[in-house]
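Dear colleague,

Please find below the sequence and structure that I am handing over to you. My notes on the findings follow directly after.

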Amino acid sequence: MDRRKFVAGLGALAGGSALATGTGAFSSVEAGRNLSVSVADDSNAYLGIEALDDEYIDATDGTLDIALTEANATDEGGEGINANAVTGISDLFKITNQGSQNVDVFAQPLTFIQADIDSGVESIAVFLTPQDPDYNFLFDVIPIEPTTIPGSIAYKNVDPGNELRFGLTAFAAPDTATGTVEINNSISITAEPNAEENP
Amino acid sequence: MSDAPTVNDYEEAAEKELDIKQEDRDAINTTLEQVFNGGSNE
C-alpha cells in the first residue's frame with residue numbers, strides 16, 4: 001500500500017468511529033442482503049455430478065446423460081452393449097458433495113429392466129453399480145413400475161468434498177436382443193443435510 | 001466397508017425376482033464385483 005492510499009483509508013476509519021459513538025442505542029436493525037440462487041452446470045453445483053468416462057457420457061448441455069447408444073458411439077465405433085453377454089464399465093460418473101455440510105445422498109432407480117412386449121424373450125437389464133467399498137451404503141425399496149424394477153441406494157453422512165463413484169453392469173439376452181430392446185430412462189440423485197451432523 | 005452388490009441386492013430392493021438363468025446370474029455377480037472394485041470388461 002502506498003502512502004496516499006494509507007492516509008485516505010485512515011480518514012474513513014476515523015469518520016466511521018465518530019458516527020458510531022454519536023448514534024447511541026437503536027430500536028431495530030434492518031439489513032438488506034441480496035439473495036441469488038442459480039442452477040449451475042452439474043459439475044459446479046453443490047451436488048456435483050461429473051463424468052469420469054467421456055466415452056459413455058454425453059454432457060454437452062451441462063447435465064449428465066449416460067449414453068451407450070449409436071448416437072453416442074465410442075471413438076472405436078462401439079454403439080451398444082453385447083447381446084448374450086455381461087458388460088461391466090467402471091468409473092462412469094461421480095457425485096461430489098460440493099456443499100459446506102454433511103449430507104445423505106440418494107440415487108434411484110438403480111435397476112432398469114426392459115423386455116420385448118411381443119415375444120417376452122428378449123430382455124435387457126442395467127444395474128447402476130456403486131464403487132465405494134469404504135462407504136456403507138444401503139439398498140432400499142421403492143415402488144415398482146410395469147417395465148422397470150427400481151431400487152435405490154443411500155449413502156449416509158457424506159463429508160464436504162467426498163466423492164461417490166458409479167459404474168454400470170448390463171446384461172442382454174438372447175442374441176435376438178440386438179436392436180429389439182433398449183432402455184431410455186432417468187436417474188434421480190438427491191442430497192439432504194444429515195440429521196445427526198446438522199440438527 | 002461394504003460388500004460388492006449382487007443381483008440379490010437389486011432383487012431385494014425391487015421385491016421381485018429377476019428372470020435370469022443361474023449361469024447368467026453368476027456372470028452378472030462376477031461383473032458387479034469387478035465394477036465395484038474399479039474394473040471393467042468392455
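In these notes, a residue is called buried under 20% relative accessible area, exposed over 50%, and partly exposed in between, computed with a 1.4 Å probe on protein chains only. The model is a predicted one: local features need pLDDT of at least 70 and side-chain atom pairs count only at pLDDT 80 or more, whereas totals for chains, interfaces and linings use all residues. Residues are numbered from 1 along each chain as its sequence is written, chains are lettered from A and ligands numbered from 1 in the order in which they are written, and side-chain values use heavy atoms, with hydrogens and water left out.

Salt bridges

A salt bridge here is a side-chain nitrogen of Lys or Arg within 4 Å of a carboxyl oxygen of Asp or Glu. The search of the whole structure returned three of them over all chains. Strands, to which several of the partners belong, are DSSP runs (E, at least two residues), numbered from the N terminus.

A:D91 and A:R165 form a salt bridge through their side chains, at 2.6 Å from N to O. Because A:D91 belongs to strand β4 (residues 85-97) of chain A and A:R165 to strand β10 of chain A, this pair ties together parts that are 74 residues apart in sequence. A:D91 is partly exposed at 23% relative accessible area, and A:R165 is partly exposed at 28%.

The side chains of A:E163 and A:K94 form another salt bridge, at 2.9 Å from N to O. A:E163 is in strand β10 and A:K94 in strand β4 of chain A, so parts 69 residues apart in sequence are tied together. A:E163 is partly exposed, with a relative accessible area of 37%, while A:K94 counts as buried at 14%.

A:K156 and A:D104 also meet in a salt bridge, at 3.9 Å from N to O. This pair links distant parts of the chain, with A:K156 in strand β9 (residues 152-158) and A:D104 in strand β5 (residues 103-108) of chain A, 52 residues apart. A:K156 is partly exposed at 39% relative accessible area, whereas A:D104 is buried at 6%.

The sheet

Two strands are taken to pair if DSSP finds at least two bridges between them. In chain A, five strands make up an open sheet with antiparallel pairing, in the order β1-β4-β10-β7-β6. At its edges stand β1 (47-51) and β6 (111-115) of chain A, each with a single partner strand, so one side of each has no neighbour in the sheet.

β1(A) and β4(A) run antiparallel and are joined by five bridges. A:E50 has A:K94 in β4(A) as its bridge partner, and A:G48 stands opposite A:T96 in β4(A). Nine bridges join β4(A) to β10(A), also antiparallel; A:G88 has A:T169 in β10(A) as its bridge partner. Since 11 of the 13 residues of β4(A) are buried, β4(A) is largely enclosed by the rest of the structure.

The largest pocket

A pocket is an open set of points, on a 1 Å grid over the protein atoms alone, where a 1.4 Å probe fits, with protein on both sides within 12 Å along at least five of seven lines; lining residues have an atom within 4 Å of a point. The largest pocket is lined by 35 residues, and A:I66, A:A67, A:L68, A:T69 and A:I183 lie nearest its centre. Strands β3 (65-66), β7 (123-130), β10 (163-173) and β11 (188-193) of chain A each contribute at least two residues to this lining.

Yours sincerely

Terms used. Helix = DSSP H or I, 4+ residues; strand = E, 2+ residues; numbered from the N terminus.
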